[in-house]
Amino acid sequence: MKSRRIKVDCLARVEGEGALYVKIKDNTVVDIKFKIFEPPRFFEAFLRGRTYNEAPDITARICGICPIAYQMSSAHAMEDAFGVKVDGQLRALRRLIYCGEWIESHVLHVYMLHAPDFLGYPDAIQMAKDYPDIVQRGLQLKKTGNDLVALLGGREIHPINVRVGGFYKVPTRQELAPVAEKLKWARDAALETVRWTATLHFPDFEQDYEFVALRHPEEYPFNEGRLVSNKGLDISVHDYDNHFIEEHIQHSNALHSVHKGRGSYFVGPLARYNLNFDRLSPLAQETACSVGLSHVCRNPFQSIIIRSVEVLYACDEALRIIEQYEKPDKPALEIQPHAAVGYGCTEAPRGILYHRYRIDDNGVILDAKIVPPTSQNQKTIENDLWQYIPQHIKLPNDQLTLQCEQAIRNYDPCISCATHFLKLKIDRV
Amino acid sequence: MNRHPILIIGVGNAYRGDDGVGLRIAQDIKKKSPDYVNVIEQSGEGISLMDSWKDADTVILIDAVHSGAQPGTIHRFDVHTQTIPAKFFHYSTHAFGVAEAIELARALKQLPQNFIVYGIEGKCFEAGIGLSLEVEESAQEVVKRVKQDIHNCSPLK
């Protein structure tokens with residue numbers, strides 16, 4: 001019986017802290033576990049007793065990378081509870097700030113965290129020595145996203161301008177003009193990013209995934225739509241709890257979310273793209289096709305190209321919104337709280353982010369449920385590794401470890417959201 | 001000419017115990033800093049950091065570290081002569097944080113002329129506000145040392 005053991009203390013280039021444990025016996029994988037160390041962050045519990053209008057700012061603190069997603073899902077859930085519909089320019093501004101978050105989050109992952117895997121560098125710093133212009137382009141592109149979030153959100157990190165019913169303050173057309181100039185450059189840079197990522201080498205790897213994303217009648221989804229999948233799911237966000245369940249897994253502090261009948265599912269850029277290709281802007285569609293992507297992409301390693309296509313879309317969409325923008329009369333709609341349950345689900349950069357709140361007559365939160373994208377993808381990541389590791393089992397431990405890390409980074413896991421991430425250990429016994 | 005040739009950056013999270021020490025020091029320095037000094041607070045996100053220092057001649061960055069030394073230990077690095085050990089600053093949940101930003105700027109030949117980093121060894125990084133005693137004492141010492149650095153780098157000299 002042949003024994004091998006691989007141990008890596010810390011998986012770099014993911015957001016947060018945690019661990020992956022892989023056990024291999026006689027060249028067969030016998031166990032794979034995500035271990036998440038940090039205790040659950042109890043946000044759901046400490047939202048109880050707070051008022052409905054505090055939820056966007058409290059939940060935004062769950063993640064420094066995707067605070068807008070938390071603000072959007074919580075604001076929409078509260079508006080759903082109180083029967084308020086934000087539309088017109090306020091709705092457009094919400095899409096605009098979401099564009100900013102997608103740009104900054106995706107660009108960070110594409111250039112700084114994921115690209116080094118494909119080019120054989122331990123990190124972006126080493127990569128920058130050989131590809132300074134490319135890394136420089138990534139930095140400036142990300143900055144455009146930061147600028148957009150800072151302008152609409154009040155500041156880059158932990159923005160504070162989103163509220164239930166709209167915003168605290170809305171920009172004038174003049175205030176948006178300088179960022180539009182930057183976005184024009186960014187759109188070109190995003191186009192180059194799609195072309196560049198498409199030249200990387202991708203392992204041949206596909207599984208029969210169930211992709212789940214929002215779908216809107218007209219738009220590529222940010223804030224609204226029905227929840228659909230490639231396996232027949234088509235439900236209102238209100239029915240989320242009837243179809244998905246969070247399971248506590250002994251080895252992880254994060255909950256695994258699964259579809260009640262079918263188990264694991266896949267959320268994020270690949271799911272959105274596969275279910276909404278026809279809703280991308282013409283430029284994003286043409287660019288995707290020009291680099292050889294079809295309307296469906298099932299290879300998670302190619303998520304780096306899809307993320308780049310979404311950055312291109314976000315730049316394009318942001319410019320469209322700014323061009324058509326007129327400052328609304330009021331920055332927010334009035335809210336009359338009453339006892340109700342509200343549901344919100346929006347597309348965070350990493351996939352659907354579900355919020356549900358039960359509110360009393362005084363607008364106080366009685367209970368809250370938050371399901372971040374990474375906990376929904378966790379089981380799919382494990383499943384990928386069950387398939388992927390056997391294909392590379394003969395590699396020496398250090399190389400196998402790198403392959404595992406790359407496969408995990410396909411999902412851009414944000415462990416700050418799903419509690420915290422990631423150390424990696426491979427045991428061969 | 002650059003109006004604020006000297007930039008002081010306090011990095012940290014005020015809601016994570018000793019991780020807030022960089023912010024606290026920046027606030028102290030800001031109270032009585034000369035006109036040519038700009039003091040800012042940052043969360044530690046690398047790309048924003050690189051952007052914040054791009055026009056400065058001299059940067060002094062202060063952050064909490066977690067290297068295994070005695071709590072309160074003051075580490076001082078001259079970025080031009082020393083590499084920043086990435087593990088020092090890895091308490092942050094940012095995959096691209098202080099050390100990465102400095103090393104990436106070095107790789108891209110975009111480091112400011114003078115660059116000093118102070119790392120204060122933290123003791124408690126749990127959720128909550130306030131510094132532990134050892135870190136509080138070191139914070140006061142670092143404020144003095146940064147003021148001396150500012151004096152040494154003064155464009156008026």
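Reply: Let's start with Asp26(A), which is found in the loop between β2 (18-25) and β3 (28-35) of chain A. Please keep in mind that this is a predicted model.

Now look at the backbone angles. Asp26(A) has a phi near 50°, a positive value in a residue other than glycine. For Asn27(A), phi is near 60°, again positive in a residue that is not glycine.

Is Asp26(A) buried or exposed? It is exposed, because 12 other C-beta atoms lie within 10 Å of its own, and a residue with 12 or fewer counts as exposed. Asn27(A) has 11 C-beta neighbours inside 10 Å, so Asn27(A) counts as exposed too.

For the inside, turn to the largest nonpolar core, which has 141 residues. Among its members, Val212(A) and Ile8(B) touch the most others. Helix α4 (residues 88-119) of chain A gives the most to this core, with 14 residues. In soluble globular proteins, nonpolar side chains tend to be buried together.

Leaving aside neighbours within four places in sequence, Ile8(B) is in contact with Ala26(B), Ile29(B), Val37(B), Val39(B), Ile60(B) and Val146(B).

There is also a second, separate core of 14 residues, and its members include Leu20(A), Ile24(A), Ile381(A) and Leu385(A).

Terms used:
Residues are numbered from 1 along each chain as its sequence is written. Chains are lettered from A and ligands numbered from 1 in the order in which they are written. This is a predicted model: local features need pLDDT of at least 70, side-chain atom pairs count only at pLDDT 80 or more; totals for chains, interfaces and linings use all residues. Helices (H or I, at least four residues) and strands (E, at least two) are DSSP runs, numbered from the N terminus. A residue is buried if 20 or more other C-beta atoms lie within 10 Å of its own, exposed if 12 or fewer, and partly exposed in between; C-beta atoms are placed from the backbone. A nonpolar core is a set of buried Ala, Val, Leu, Ile, Met, Phe, Trp, Tyr and Cys residues joined through C-beta atoms within 7 Å. Two residues are in contact if their C-beta atoms, placed from the backbone, lie within 7 Å.
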